[in-house]
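Biologist: Could you walk me through how to read a model like this one? I would like the general idea each time, and then the case at hand.

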Amino acid sequence: MKVWAFIAVGIVCVILFQNCGEVTSPEDGAEYTYSLDQTIQTKLSEIEQTADLSCSADADCASLPAGAMACGGPTYHQIFSSTGTDLPKLQLLIDQYSALERLKSSATGLVSACGYPVPPNLGCIQNLCSEI
């Protein structure tokens, strides 16, 4: 699985850096940041679409750390059902999303608080994995 994550990060970097040498003014930099924000939002939407929440028991529910704060650590924990989610695909999307957030922090000089989100306590509530 680490090989796939490495490949995914490489692909994301190639896509994002293909026009890297063309940033020549603050306006171009703002356009790059806007484009990166759009890419991050698209990736987040893909994660949400992939993470199935349907469950029949508490044991069906799990979470994965996702995103990357500027000082390190995840920005949140993605909840999903282990019975209905394509876990390798979800992990790949989360790895890509996290790489994009690290890239944004590096490119923009973002800083963040260094508190890490605690993994949620999960349960199957009305047949949906939820934080309890």
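Predicted model: local features only at pLDDT ≥ 70, side-chain atom pairs only at ≥ 80, totals over all residues.

Biologist: Which secondary structure elements does the protein chain have, and in what order do they run?

Modeller: Helices (H or I, at least four residues) and strands (E, at least two) are DSSP runs, numbered from the N terminus. Here the protein chain has three helices and four strands, and their order from the N terminus is α-α-β-β-α-β-β.

Biologist: How do I judge the span of a helix such as α3?

Modeller: The expected span is 1.5 Å times one less than the number of residues. With 22 residues, α3 reaches 31 Å from its first C-alpha to its last, close to the 32 Å expected at 1.5 Å a residue.

Biologist: And what share of the protein chain counts as buried?

Modeller: Buried means under 20% relative accessible area, exposed over 50%, and partly exposed in between, with a 1.4 Å probe and protein chains only. Of the 132 residues in the protein chain, 33% count as buried. Contacts tell another part of the story; a contact means heavy atoms within 4.5 Å. Among contacts between residues at least 6 apart in sequence, 69% join residues at least 24 apart.

Biologist: Which residues have the most contacts inside the largest nonpolar core?

Modeller: A nonpolar core is a set of buried Ala, Val, Leu, Ile, Met, Phe, Trp, Tyr and Cys residues joined through side-chain atoms within 4.5 Å. The largest one has 14 residues, and I47, L90 and I94 have the most contacts inside it. Two or more residues come from each of α2, β1 (61–66) and α3, with α3 giving the most, six residues. Leaving aside residues up to four places away in sequence, I47 touches Y76, Q78, L90, L93, I94 and Y97. Another core lies apart from this one; it has six residues, including C61, L122, C124 and C129.

Biologist: Now the second largest pocket: what lines it?

Modeller: On a 1 Å grid over the protein atoms alone, a pocket is an open set of points where a 1.4 Å probe fits, with protein on both sides within 12 Å along at least five of seven lines; lining residues have an atom within 4 Å of a point. The lining of the second largest pocket includes D37, M69, E101 and K104. Both α2 (26–50) and α3 (87–108) supply at least two residues of that lining. A volume is the space filled by probe spheres set on the grid points, which are joined across faces, edges and corners, and for this pocket it is about 160 Å³.

Biologist: How does the lining of that pocket divide by class?

Modeller: Ala, Val, Leu, Ile, Met, Phe, Trp, Tyr, Cys and Pro count as nonpolar, Asp, Glu, Lys and Arg as charged, and the others, Gly among them, as polar. This lining has six nonpolar, three polar and three charged residues.

Biologist: Let us turn to strand β2 (residues 76–81). Is S81 buried or exposed?

Modeller: S81 lies in that strand and is buried, with a relative accessible area of 0%. Beyond residues up to four places away in sequence, S81 touches D52, L53, S54, C55, D60 and C129. F80 is also placed in β2, and F80 counts as buried at 4% relative accessibility. F80 and L128 are 48 residues apart in sequence, and their C-alpha atoms are 9.0 Å apart in space.

Biologist: Finally, where should I look for positive phi values?

Modeller: Most residues other than glycine have a negative phi. Q126 has a positive phi of about 50° although it is not a glycine, and N127, also not a glycine, has a positive phi of about 65°. Q126 counts as exposed, at 74% relative accessibility. G109, which follows α3, has a positive phi near 75°.

Methods:
Residues numbered from 1 in each chain as written. Heavy atoms only, no water.
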